[in-house]
Amino acid sequence: MNADNDKKQVDLSVNIGKVRLANPVMTASGTCGYAYELRDFVDLGRLGAFVTKSITREERVGNAPQRTVETASGLLNAIGLANMGLDKFIEGPLALLARMSVPVFVNVAGKTVDDYIAVAEALAGRDEIAGLEINVSCPNVKEGGITFGTDPKILADLVGRVRQVAANKVLIAKLTPNVTDITVTARAAIDAGADALSLINTLTGMVVDVERRRPVLANRTGGLSGPAIKPVAVHMVERVYREVAGPAKVPIIGLGGIACALDALEFIIAGASAVGVGTAVLTNPPALIEVIEGIEAYLARHGMSSVAELVGSLQ
Ligand SMILES: Cc1cc2nc3c(=O)[nH]c(=O)nc-3n(C[C@H](O)[C@H](O)[C@H](O)COP(=O)(O)O)c2cc1C
């Protein structure tokens, strides 16, 4: 049997809730815009799915500059959820996203539960999208600064209410790593009705300008992403898979520092059914395709017929 025959026999498809993805590779929210920014650089039709930048009920200008700073093996960002808001998103980018041949997940954020519900309700009726990814790492103003993603009760309430208004859509809860025990929030999200979990979002950090003795970012702190966070993310995926999501048969979308197929394979072996590529796309958009091809080549090389065989196969 030659290599071409091997390649044809590899099944890369995965299920995220009721949605079938042709392969496990997705974009990471906030790093690939609303698709049109990337389409000249990558054949987006080859992706497993496209995940948009966070959308909020109202337009947001985001934080003051400086909003990003490079660190050793990572990027610290405090964009502050800058986005065009729900109405402009529906009028503009959604039309382009509708023409995409791959499933689209819209990432939703908000300051209050009502904000999330308003966006989720409006999008639940749109056939253009396969599902919602709720970003639960934003401050909950009504609850006095507690973040949705760190308090399991608030998280469960949010997921449960979004579940109700978007019953027809696949619901992904995107978890923050800025917690003591991520299995607690993972369990809360699953019990409240999430179809899938995506982890991890960025890790809170700070860079100090020693000459000015000030934080480099105007927001003081930011979220760390890129290769620096990969071992933390793989560990969290492995724990959540083993203790919560695996037994509940809820798929995990693993992300955090994936830049090549080997990185993605670590996540899949640790328990992720799919992966997201974020910071790497900012400097190398074709990384998305390289990851797909590399996973396929690995499976063929190891005589495996499907990516499903590899999920959670850590010895
Ligand atoms: C510039 C930038 C903007 C981001 N914006 C969002 C966002 O709007 N919503 C969200 O859920 N995650 C956002 N993220 C987090 C990523 O989706 C991802 O969870 C994180 O960066 C880890 O993956 P990576 O190391 O591959 O980038 C953003 C990350 C970066 C670097």
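Predicted model: local features only at pLDDT ≥ 70, side-chain atom pairs only at ≥ 80, totals over all residues.
Let me begin with α8, which runs over residues 261–270 and packs with α10, residues 287–301. Two packed helices are described by the angle between their axes and the distance between the axes. For α8 and α10 the angle is about 65° and the axes lie 8 Å apart, and the crossing of the two helices is right-handed. On the α8 side the contact is made by Ala261, Ala264 and Leu265, which meet Glu290, Val291, Gly294, Ile295 and Tyr298 on the α10 side. Sorted by class, that contact between α8 and α10 holds 6 nonpolar, 1 polar and 1 charged residues.

Staying with α8, this helix is mostly covered, since 8 of its 10 residues are buried. After α8 comes Gly271, with a positive phi near 135°.

Next, please look at the loop between α9 and α10, where you will find Pro285. Why does Pro285 count as buried? The reason is that 20 other C-beta atoms lie within 10 Å of Pro285, and the cut-off for a buried residue is 20 or more. Leaving out neighbours within four places in sequence, Pro285 is in contact with Leu38, Phe41 and Val42. Pro285 and Asp43, although 242 residues apart in sequence, are 9.9 Å apart in space when taken from C-alpha to C-alpha.

Now to the largest nonpolar core, which has 97 residues, and in which Leu132, Leu197, Val237, Val240 and Val275 touch the most other members. Helix α7, residues 230–248, gives this core its largest share, 8 residues. If we take Val240 and set aside residues up to four places away in sequence, its contacts are Ile182, Thr183, Ala186, Leu197, Leu199, Ala245 and Ile252.

Finally, the ligand: which residues come closest to it? They are Gly30, Ser54, Ser225, Gly278 and Thr279, out of 26 residues that surround the ligand. By class, this shell has 9 nonpolar, 15 polar and 2 charged residues, and both β6 (74–77) and α9 (279–283) supply at least two residues to it.

Conventions:
Residues numbered from 1 in each chain as written. Axes fitted to C-alpha atoms, helices over the stretch in contact; angles between N-to-C directions. Helix = DSSP H or I, 4+ residues; strand = E, 2+ residues; numbered from the N terminus. Left-handed = near helix turned anticlockwise from the far one by under 90°. Contact = placed C-beta atoms within 7 Å. Nonpolar A, V, L, I, M, F, W, Y, C, P; charged D, E, K, R; others polar. Core = buried A, V, L, I, M, F, W, Y, C linked by C-beta atoms within 7 Å. Buried ≥ 20, exposed ≤ 12 C-beta atoms within 10 Å, placed from the backbone. Near = placed C-beta within 6 Å.
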